[in-house]
Amino acid sequence: MLIRHRDREPSIHETATVASSAMIVGDVRIEAGARILHGAVVSAEDGEVVIGEDTVVMEHALIRGRSGHPALIGAAVMIGPHTHVNGSVVADEAFIATGASLFPGSRVGHGAEVRINGVVQVNTVLEPGAVVPIGWVAVGTPASILPPERHDEIWAIQRQLDFGGTVYGVGPEVSMRELMRRQSEFYGAHAGDEPVGR
């Protein structure tokens with residue numbers, strides 16, 4: 001389903017295919033030959049989303065564009081089932097496997113792979129051709145690629161990447177109560193969404 005959100009509508013190339021149960025919301029552009037499969041959600045919250053030519057977005061993936069962090073997916077990219085791409089730039093011919101998570105400000109280079117349940121943290125740059133193994137974490141610029149059991153090393157790099165400021169636009173002084181009040185208000189904009197087609 002195509003949805004107008006924040007007064008912006010999706011643009012779908014005539015040769016692209018969007019499954020009937022997929023949701024395409026707001027300022028989203030889907031290029032020629034792209035395929036968006038059942039249950040996928042492609043949402044331009046307050047930043048654009050572009051899905052490149054011949055890219056496949058598998059079932060139940062989420063791609064979200066954010067202010068200051070558009071989701072720009074290149075050509076011939078595989079976005080696996082249950083993948084979360086949030087304000088990330090993914091270059092051509094990358095492979096993003098099932099359950100991977102890409103956070104705002106991250107960049108995935110040409111032909112790189114983020115394997116099953118891999119993570120690319122905020123403001124991290126994954127070089128062209130790099131591989132994040134199954135369940136591992138890429139963090140920093142250039143990315144250090146570490147197994148999850150090395151949490152202390154991951155955190156030592158991650159805490160310098162401004163997760164709260166990048167994802168929510170707040171510093172550590174903002175309480176969880178206040179943060180969620182702001183988030184609730186922000187996402188309340190969906191009350192004005194309008195279907196514009198299938």
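This is a predicted model: local features need pLDDT of at least 70, side-chain atom pairs count only at pLDDT 80 or more; totals for chains, interfaces and linings use all residues.
Residues are numbered from 1 along each chain as its sequence is written, and side-chain values use heavy atoms, with hydrogens and water left out.

View 1. Helices (H or I, at least four residues) and strands (E, at least two) are DSSP runs, numbered from the N terminus. Along the principal axes, the C-alpha atoms fill a box of roughly 50 × 40 × 20 Å. Of the 198 residues, 44% are buried, meaning under 20% relative accessible area with a 1.4 Å probe and protein chains only.

**View 2. Seven strands form an open sheet with parallel pairing.** The order is β2-β5-β8-β11-β14-β17-β20. β2 (11–12) and β20 (125–126) stand at the edges with a single partner strand each, so one side of each has no neighbour in the sheet. Two strands pair if DSSP finds at least two bridges between them. Strand β11 (residues 71–73) pairs with strand β14 (residues 89–90) over two bridges, and I73 stands opposite V90 in β14.

**View 3. I24 lies in strand β4 (residues 23–25).** I24 counts as buried because its relative accessibility is 0%. Leaving aside residues up to four places away in sequence, I24 touches M1, L2, I3, P10, I12, V18, I30, I36 and V42; contact means heavy atoms within 4.5 Å. I63 is 39 residues from I24 in sequence and 9.6 Å away in space, C-alpha to C-alpha.

**View 4. The largest pocket holds about 170 Å³ of space.** A pocket is an open set of points on a 1 Å grid over the protein atoms alone, where a 1.4 Å probe fits, with protein on both sides within 12 Å along at least five of seven lines; lining residues have an atom within 4 Å of a point. The volume is the space filled by probe spheres set on the points, which are joined across faces, edges and corners. Among the lining residues are E45, R66, H69, Y168 and F186. α2 (163–168) and α3 (176–187) each supply at least two lining residues, and α2 gives the most, with four.

Conventions:
Buried means under 20% relative accessible area, exposed over 50%, partly exposed in between (1.4 Å probe, protein chains only).
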